[in-house]
Amino acid sequence: MRSSSRTTTPSEKKPRLDGEICLRPSSSVYLGDQKLFFTQEYINTCSLNLKFVVQFAACQFSGPIACAYSPCPNKWRVCIRTISGRMLKQDMAFDNAVFLDWTRAHCLVVLHKNGRAQVLSSLGEKISEVDFDTKMSDVHECRTFATSRGDSGIAVMDVDGQVSVVNSVSEPIIWHMRPPYTELPTAWTAFQPHSQLTHILLIFEAVFLMGCQGESLQVQNHASVWVDSTTRYVKCVVDDARSRIAMMTENGKIQIVSIDLSTCFCTVEIEDHDIGKCINFGWVGNSAVFVQMSPSLIVFVNVSARRKPGDEVQIYEKMTANAKISIENDGIRLFESTQVEFVEAASREKIAVLNRNMSEDGAHLYKAAQEMNQGTGHNSFAASTVIQDMYKAIDECISTACDMWQPEEQKLLLKAARFGMAYTNTTPDTTKLMKAIKEIRVLNELRMVRNGIPLTHRQFRMIGDTCVINRLIDMGSYSAAIKVAQWLGGENTENVDRVLLEWVRRSIGKVSKTGIKMDPLALKALDEKISAKLLQFPHVSMADAARQAIESKLPELARLFIQRETDDESHVAVLLQLNDVKSALKKAAASQRPQLIHQVVRHLMNSETRSNFELAISQIPLAQCLYQDLVRQEGETRGVSGRQMLALLEQASDFERQTLFHFDVAQTERNPDERLNALRRAKDAAKSMGDKAIEEILNDVSAFAPLQIQRGQADMSVRDTIIEMAHDTAKVALLKQQARLNDKQVLLWTIEGLAKKGKMEQLFDLAQKRSPIGYAPFVKACVRYKRMDEVKKYYAKANGYPDLVAANIAMKNYVEAAKLAYDRRDREVLHAIHMKSHDDPTQCPRVKQLLNSLDQN
Amino acid sequence: MVSLDLLCDYIDNARNDTKILYQVFFIPEAWYVVRESLKLRADGKYWERLESVREIPLCWLPRDGECLSLSNPQIASRLLINGDWTHLHKCAVALNQLVDMCRGRSPSGRPMTVYSKGKWANDVARMMKKVRTTTSEDHLKDPIEGLLKINRIVLIDRWLDPLTPMLSQLTFYGLVDEIYGIGMVNSVKVPEMEFKNERDGDPFAEKEIYLIDEVYHRLKHWHINAISLEASKVLAEIREDEQFDREKMSVAEYSVLVKKMPKIINRKKMIEVHMRLAEMIQAHVYCKLSDSIKMERELLDYCDSDKAIPLIEDQVYDAAPLNSVLRLISVHSLASGGLKASVLQHYRRIVNQSYGSSALNRILKMQKMGLIREKGGGGKMQCEYAPMLFQQNKKTYQMLPEVFSEAKLGDMASAYSGFTPLLCKILEEGDRVKWVGWPKTLLSAEEDPLEEKDPRGTCIFVIGGLTRSELALIRECLPNISLITTSALITGDKLLNNITNI
């Protein structure tokens with residue numbers, strides 16, 4: 001690799017405790033068919049003081065690291081940092097802690113001597129506790145293992161050799177396994193093969209015992225085909241894919257065997273180093289292992305399955321300074337005194353493209369693009385003609401770009417991919433390229449010192465978008481989380497929302513945990529801060545923030561939030577949650593949305609006594625009328641008379657409506673006595689209203705009604721009563737007085753009543769006196785009740801123009817009536833007669849003639 | 001609530017397995033209260049049986065191809081007697097639905113301008129804006145912008161002019177509604193005997209006539225006296241269609257004729273039906289209503305609030321149909337700007353005597369609604385809505401023109417024979433000045449640039465109901481109004497019959 005001048009960061013001038021990102025080119029080394037890339041990720045990470053670290057644990061997938069220092073025996077001080085060295089949590093004190101490790105779910109597990117494990121978040125907040133065995137005397141050793149669910153399990157071995165296991169730290173269910181021997185195993189491990197139960201492997205020198213959850217340990221006899229029974233096995237490590245185990249013997253042999261111990265893929269014997277005394281042993285990618293001999297020496301060994309027995313042993317030695325190792329799925333990370341270095345087992349594409357011997361398409365394309373860039377186009381053309389499969393070359397370049405650490409290299413490779421697209425015959429499919437660019441952008445951001453998550457692309461692909469965002473949230477890096485969520489999500493804002501909500505929750509939670517009464521100013525400031533942020537994201541509602549505040553028991557803060565909420569519905573809902581019914585009611589009323597008011601009214605009805613809530617409602621007219629409507633509807637269905645409705649009206653002193661209400665009751669009531677009572681109440685209400693006139697009428701009515709009831713004529717109007725009793729002159733006179741009728745009414749109705757009853761003599765007697773209303777009513781009544789023979793008598797009596805006309809019309813003598821009107825030149829009356837004459841087609845034309853001739857004159 | 005009872009009854013009575021769950025749809029709204037009371041009813045027994053409760057937001061019912069209606073004739077009474085403003089909110093929701101249909105809901109769509117006149121209209125406009133800003137954005141995919149070219153919505157209160165519905169309508173369409181009542185599916189039921197002009201027959205048999213054919217649409221807006229003009233034109237057309245010379249026709253012409261034949265026959269049949277209907281209505285108007293109509297005219301021309309009108313008295317004594325009497329009293333009161341206390345008292349007394357206390361109840365409610373007012377009333381049974389001031393408006397708007405023609409569709413005074421409905425006049429004036437000076441509500445942040453330029457494409461919404469005669473006038477006289485919507489198509493009788501209980 002060509003070396004370029006060192007890129008400096010601005011922070012170099014004033015040295016900080018944090019590390020710096022290092023963009024020096026990676027170096028590489030071949031290890032048989034493997035190639036290892038060494039990338040310095042951060043330098044100047046001096047503050048770690050690795051020399052004094054007694055326990056070191058790094059979270060897989062470039063998560064945070066935890067270092068334990070032991071200032072005095074049996075006491076640990078643990079701090080959590082990002083890989084770049086940024087402090088997340090300082091100096092947590094633990095007594096009698098013996099073991100420290102991270103789960104895949106981003107939690108730190110601290111195991112104590114007595115078998116109690118504490119689970120902490122990446123910010124050092126306590127999440128839960130797992131008690132492995134109350135009787136456990138002393139912890140001997142401990143292993144964490146990955147599970148299919150993305151979480152980690154822990155297996156703890158006590159000094160008696162009993163193994164206690166939980167399959168998931170977040171849902172700890174403890175089970176035990178006890179070996180048949182009294183001594184402790186020389187090597188052991190716990191693992192969960194794909195879609196199988198958790199297995200425990202114990203190795204006693206060269207005897208292999210394995211058992212899965214719920215079964216007892218069995219001697220694995222089928223392993224004897226490869227087991228070297230002359231030596232002791234001292235290490236066994238499961239690979240990241242959980243399909244192979246790397247074994248190490250005391251005499252320096254490394255064996256790679258299948259997870260069920262049935263086959264041995266590869267055996268390597270190392271003679272240069274006494275690896276049996278190593279301090280750490282593990283996988284580097286898929287086909288290499290590392291053996292850490294001391295804090296200053298690491299040996300990398302190729303254990304590829306393609307190796308034949310007898311091949312030359314491929315090893316590479318690397319000197320380090322106080323190195324601590326964390327194992328990733330695609331390599332290992334070395335934490336040294338002043339730097340963090342990543343050792344990557346390179347992917348096939350990366351090896352191909354960056355190969356200086358140029359045997360692959362990707363490498364040719366990369367070369368061609370570089371030549372093009374430098375202006376040597378002919379070389380570029382030469383390089384590009386060699387390429388056989390352009391699509392493959394493009395893919396290789398893209399994938400290598402993703403795997404690069406230095407932005408410059410990433411750019412070159414992406415450019416190469418773009419350059420290659422020009423050579424393809426079809427329209428290039430850029431989705432892959434776009435996705436790669438998007439992801440590289442995210443990765444570069446995450447690698448910054450401020451975030452300190454030097455994820456490789458392969459790691460990123462493993463854990464996915466959501467998990468990365470979750471980790472950022474866990475670490476409290478909200479701004480980075482939002483940025484990443486926006487970059488990755490595009491239009492989809494789901495992740496952004498989640499981050500915001502989490503941020504609000506945490507900010508509020510922080511305040512509420514302090515437990516002290518916040519002064520209004522500080523609350524105001526917090527409200528300003530949160531709402532200012534939320535307002536940048538218009539789709540996130542302030543009501544959610546308010547709900548969080550309520551959950552954290554900060555009603556004042558919730559109130560501040562909710563004032564900013566524009567959506568009435570959530571506003572009211574939150575106010576109800578706050579139990580501030582008054583404001584809720586006011587708000588609902590202001591929104592003029594019946595549904596909302598109903599909601600509040602319901603809430604009131606369920607939570608308050610009737611008198612209380614009716615008082616509350618009565619202050620808001622909009623709600624009042626809704627409530628009335630509710631009462632009315634319920635009254636209608638339940639058949640309960642609207643007593644409640646009345647009560648409401650009385651409360652409001654609405655006498656007009658009270659009057660009408662009583663009238664309505666009277667109208668629907670079938671029982672005459674009740675009806676009378678209702679009318680009396682209406683009268684009272686009218687009196688309270690101060691309307692003398694209505695009161696007067698109702699007075700008459702209530703005076704008249706009792707007698708009506710006595711007579712059994714309660715359903716009749718005064719008019720009907722008179723008509724019914726027309727023949728009884730005395731009664732009519734009495735009724736007239738009672739009901740305060742005028743003469744005309746009495747006379748008209750008497751005539752009608754007599755005609756109806758057929759009391760023709762009495763009617764005739766009545767006609768003997770001069771009728772003040774003329775005789776047309778007599779005629780009309782006779783016609784109506786079909787007393788045709790009697791009509792003539794009264795018709796003869798009719799005199800005077802209006803009376804005659806009316807009598808004629810009543811008899812349907814339209815022509816006769818028309819003639820009278822014509823003689824008087826009374827156009828108006830004649831017109832009216834003409835209208836009426838349409839009734840009789842025979843007379844109509846004649847009347848029309850008369851009308852026309854009058855018009856002509 | 002009634003529908004809830006029906007639902008529960010149905011669930012009780014349906015002979016189904018008790019495990020069967022129901023999907024319930026409420027039209028147009030599943031009221032919050034309804035849901036809650038469903039949950040509570042019989043300890044949630046019914047609620048358990050329901051798989052889902054949803055709503056189908058169907059608000060608008062088309063009326064006769066002329067008008068969209070909410071079919072809520074109770075609205076005026078609900079507002080004035082019960083003080084129940086939720087009905088205004090329902091209007092606002094329905095109108096917003098209409099806006100969504102025209103414009104879609106996306107913020108980038110064309111903004112809509114709303115003009116309003118009257119207290120209720122202003123409230124509804126405000127609610128529309130509120131509802132719009134608060135509802136979440138559904139994705140209504142296909143606005144029917146192309147079909148409904150609406151540039152603005154004009155809201156107006158019926159109660160600016162409560163007088164017109166009290167008067168007798170005189171267009172064919174209006175009269176059909178007044179006399180027989182037009183049903184939900186645009187049909188009238190008339191006694192079969194009367195229709196066939198027979199003396200004997202089943203007196204209860206009814207004939208249902210659907211008012212949906214082309215002939216009817218041509219006739220409906222005409223004044224009843226002028227209907228023969230249009231009808232004769234239709235007849236002439238039919239005759240023309242029928243005149244053909246069989247001898248000289250080619251085969252092609254024949255085939256055209258054969259295709260046309262059913263249409264011709266149908267038209268002939270329909271014109272017969274409608275002519276008969278018109279005849280019946282004419283007879284009814286001339287014989288029974290002529291006195292009232294004359295009375296109305298006199299009251300409008302001049303009236304004295306100090307005296308009871310003898311003819312009204314006579315009708316009351318004679319126990320004529322209550323509604324028509326009450327309408328006359330109302331016209332008297334509205335035209336004279338309120339009745340003198342003694343006159344009102346007299347009317348109330350005689351009505352009570354002739355019809356009983358329920359009629360008195362109705363009068364009081366009409367007072368509360370402002371259909372009958374007491375002159376300088378002492379605050380008893382006062383209507384909260386401002387009075388109409390007929391005497392002033394009569395002059396400013398020339399509501400009683402000297403010259404008018406019943407036979408001209410474009411004449412504003414034709415539908416009521418010499419009286420121009422105030423509502424139509426106000427709308428005409430608004431249209432003429434391009435709604436300048438009307439309270440204006442913008443449903444979105446910016447103005448609609450097209451709205452200013454194009455006077456056409458106005459949609460009106462009458463809160464409180466519209467009569468069919470007014471509908472005819474607006475259709476024929478105001479071509480800029482392209483869509484007429486209302487809370488209900490009413491007649492005076494419908495308005496009075498829909499007065500609600502407290």
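The model is predicted; local features need pLDDT of at least 70, side-chain atom pairs count only at pLDDT 80 or more, and totals for chains, interfaces and linings use all residues. Residues are numbered from 1 along each chain as its sequence is written, and chains are lettered from A and ligands numbered from 1 in the order in which they are written.

Strand S21 (residues 244-249) of chain A has 6 of its 6 residues buried (20 or more other C-beta atoms within 10 Å of the residue's own, with C-beta atoms placed from the backbone). Strands here are DSSP runs of E of at least two residues, and helices are runs of H or I of at least four, numbered from the N terminus. A:Arg244, A:Ala246 and A:Met248 point one way from S21(A), and A:Ile245, A:Met247 and A:Thr249 point the other way. In a regular strand, side chains alternate between the two faces of the sheet.

| Pair | Sense | Bridges |
|---|---|---|
| S20(A) and S21(A) | antiparallel | 5 bridges |
| S21(A) and S22(A) | antiparallel | 5 bridges |

A:Val237 has A:Ala246 as its bridge partner, while A:Met248 stands opposite A:Ile254. In the hairpin of S20(A) and S21(A), A:Arg242 in the turn has a positive phi of about 60°.

Helices H29 (residues 814-823) and H31 (residues 844-856) of chain A pack at about 10°, with axes 9 Å apart. Axes are lines fitted to C-alpha atoms over the stretch in contact, and angles run from 0 to 180 degrees between N-to-C directions. H29(A) and H31(A) are therefore roughly parallel (angles under 35 degrees).

Chain B has 21 helices and 13 strands, and 42% of its 502 residues are buried.

Note on methods:
Buried ≥ 20, exposed ≤ 12 C-beta atoms within 10 Å, placed from the backbone. Parallel < 35°, antiparallel > 145°, perpendicular 65-115°, else oblique. Pairing = 2+ DSSP bridges.
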